[in-house]
Amino acid sequence: MESFQNLIDLIPVRYDLSSHIMLLGIVQGLFLSLVIFFRTKRDSAIYLFGWALLVQCLVFADIYLCYTGLMKYMLHFNDSTEALVLLITPTLYFFLYTLLTKKSFALKRHWPHFILPLVYGLTQINFYLSPIEVKLNAYLGAYHRDLGFVEVPDTIDYSYHFIKDRFRWILLFNFTFYLFLSSRLLLRAGREKGIAQKSVKVDKYTFSKNAIGVLTVLLASILWVFLNYDDDGGDHYIGILQTVVIFITSFFILSESRFFEKSWIADKYETLASTTIQFADIEALMEEDYYCNSGISLKDVAEKLNVSPNLVSKLINSETGMNFNDFINQKRIGVAKIRLLDQNYGHLTVEAIGNTVGFNSKSVFYNAFKKHVGQSPSNFIKQQMAKNIA
């Protein structure tokens, strides 16, 4: 048995192309997650995506330290992120869940999904509390078996190995299970793909499909590493793949940024800043249910505000991200949702209620309702009645 310090000194520190690529991915991923946390609301789907990115970066930071040999300077953290690995797929799943279903994530309701990483973490407490010599041997066994091992006390309890030795199978089960759930979620959303807003440049269905594709590739790469490496020596390949995914995600976010829109400078900060009206003036005009008038038009609104139609359109788009028709229809649907459940309108058909809020035809009303609510008026009524009964 080598002495502790001798073994530490023998562990090589390596910096190569693989380590540089992994480090780039970790830094970029942490940066993206921080941007998301600062720029989005906590109840949004994107906020959950930020958490998914953060968890991945912590896991791959562990892989980076192990691969480069820098882990020898912080052995107390060796294998400390295994439980976090089991959080990657649940966080990604709930990002897709909130994105596609428009339902919020609530830990009180969805806590069973986090039992596996929690239980696994609890089974490894003995390892976390073990002397540093045990953690050194664990690291050497995974990356540098040829260097030998350091002597440890005979009283060490290794019972945690029963679960630890099966971690690969637990991980494969975890990824497969959430890939199945995510795929099922996508199939359901695919049947209602018509609800996607055409005015939005990003099709959330397509984005979700690509995310599941990435998850599939990641699962395949994990399986390949497990089949070809008995230890953790192949984990850096997964880290490199993750870096590629993070930079593709970064490209997607940047390409969709308003920074590249012509209106970013001229329209919003010059033209709109010099106007005689504000968006609040448009909202004030709408407060009297003016939008329920079936004959309302962009030109009509502009005439009432004594400005050009183009200016009204730009103000609405700048403040809401919607075009004029979507802006009006969203307000109409808000009133329709109330009236569909109001007993005072119980004598009216669904189509008639649509007429009361400004829709001239049943098809236009149904399409607009699905677009802004995510389901048909009849399904909306059934869902709300079921909630009231419950």
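1. Quick look at the cavity first: the lining residues of the second largest cavity split into 5 nonpolar, 5 polar and no charged (Ala, Val, Leu, Ile, Met, Phe, Trp, Tyr, Cys and Pro count as nonpolar, Asp, Glu, Lys and Arg as charged, and the others, Gly among them, as polar). Bear in mind that this is a predicted model, where local features need pLDDT of at least 70, side-chain atom pairs count only at pLDDT 80 or more, and totals for chains, interfaces and linings use all residues. Residues are numbered from 1 along each chain as its sequence is written, and side-chain values use heavy atoms, with hydrogens and water left out.

2. Who lines the second largest cavity? The lining is M22, G25, I26, Q56, C57, F60, G239, Q242, T243 and I246. Helices α2, α3 and α12 each give at least two of the lining residues, with the largest share, 4 residues, coming from α12.

3. On to α2 itself (residues 17–39): at 1.5 Å a residue, its 23 residues should span 33 Å, and the end C-alpha atoms are 33 Å apart, so the two agree. The expected span is 1.5 Å times one less than the number of residues.

4. One detail at the start of α2: a side-chain oxygen of D16 comes to within 3.2 Å of the backbone nitrogen of S18.

Note on methods: Polar contact = N/O pair within 3.5 Å; in protein donor to acceptor, adjacent residues only side chain to side chain. 1 Å grid on protein atoms, 1.4 Å probe; cavity = no way out; pocket = protein on both sides within 12 Å on 5 of 7 lines; lining within 4 Å.
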